[in-house]
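Here is a briefing on helix packing. Look at the model first, then read on.

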Amino acid sequence: MPVLDMTLARDTKKFCFLTSSVGRKLIMAITGFAFIGFITGHMIGNLTAYLSIVERATGKIPGTAMNEYAHFLKDVGHGYGIWGVRAGLLGLVLLHGWAALTTTLDSWAARPKGYRKYDRKSATWASRLMRCTAIFLALFVIYHLLHLTVGLPYLHCAENPIVVDATGGSVDVFRNFVNGFKDPLASGIYIVANLCLGLHIWHGIWSFSQTLGLSHPRYDKLRRYVATLWAMAIVGVNISFPIAVQLNILWY
């Protein structure tokens, strides 16, 4: 019986979608999957950094493609589009955090008192570490925004990451990108954060498909493949950026 149906069956006497366990689990699943979609798109966009290798070989200014892509995103909707996306992401964060926190508190409240043994047979390392990785990722998002979006000069950057192009008066995003990963500590933070992100994504995709009722021996192998490949692709590409800068594959 799908988790969604089992939970709904327990909540029928006093059912309210937003406050019921079924509602919160569904909200957590949908917002989590929306995050995975955003992270995937963000990762694909950052791949433009590798076009700098081709640009350098063909005599173009390295980072042109990445800068044009970044400036395009900034100019969508006359500059309001990016703020709309940020507002939407903030709303998703609040919904996801609220659903996760209240579900966790309910789980702790329902747990028997004074027991010594805990059955971990059905748990995975990803599920056991879900709360820890969530806290670490929340702190990392703040660091990431201050590091590469706001551009604070004291967050382990080789230079102040805000570099203004004197000719066009626009931020050189590629230069910021490279500067941000020149420091080994900053690169290490990103690598660790993405390993945590991989665990979170793997468990998120697995749980999302289970919430939708796809937990069945016929589909479990496919669910595992999808979750594993998707998580590995995102982690592999994301950690390749600081490694490429450290190895001088990406430079300006």
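A crossing is left-handed if the near helix is turned anticlockwise from the far one by less than a right angle, and right-handed if clockwise. This is a predicted model, in which local features need pLDDT of at least 70, side-chain atom pairs count only at pLDDT 80 or more, and totals for chains, interfaces and linings use all residues. Residues are numbered from 1 along each chain as its sequence is written, and side-chain values use heavy atoms, with hydrogens and water left out.

**α2 against α9**
- Helix α2 (residues 21–46) packs on helix α9 (residues 184–211) at about 130°, with the axes 9 Å apart.
- That angle makes α2 oblique to α9 (under 35 degrees is roughly parallel, over 145 roughly antiparallel, 65 to 115 roughly perpendicular, the rest oblique).
- The crossing of α2 past α9 is left-handed.
- From α2, Leu26, Ala29, Ile30, Phe33, Ile36 and Ile39 meet Leu197, Ile201, Ile205, Phe208 and Thr211 of α9; contact means heavy atoms within 4.5 Å.
- This contact has 10 nonpolar residues, one polar and no charged (Ala, Val, Leu, Ile, Met, Phe, Trp, Tyr, Cys and Pro count as nonpolar, Asp, Glu, Lys and Arg as charged, the others, Gly among them, as polar).

**α7 against α9**
- Helix α7 (residues 130–150) packs on α9 at about 135°, with the axes 9 Å apart.
- α7 and α9 are therefore oblique to each other.
- α7 also passes α9 in a left-handed crossing.
- Contact residues include Phe136, Phe140 and His144 of α7 and Tyr190, His200 and Gly204 of α9.
- The contact of α7 with α9 has 15 nonpolar, six polar and no charged residues.

Conventions
Axes fitted to C-alpha atoms, helices over the stretch in contact; angles between N-to-C directions. Helix = DSSP H or I, 4+ residues; strand = E, 2+ residues; numbered from the N terminus.
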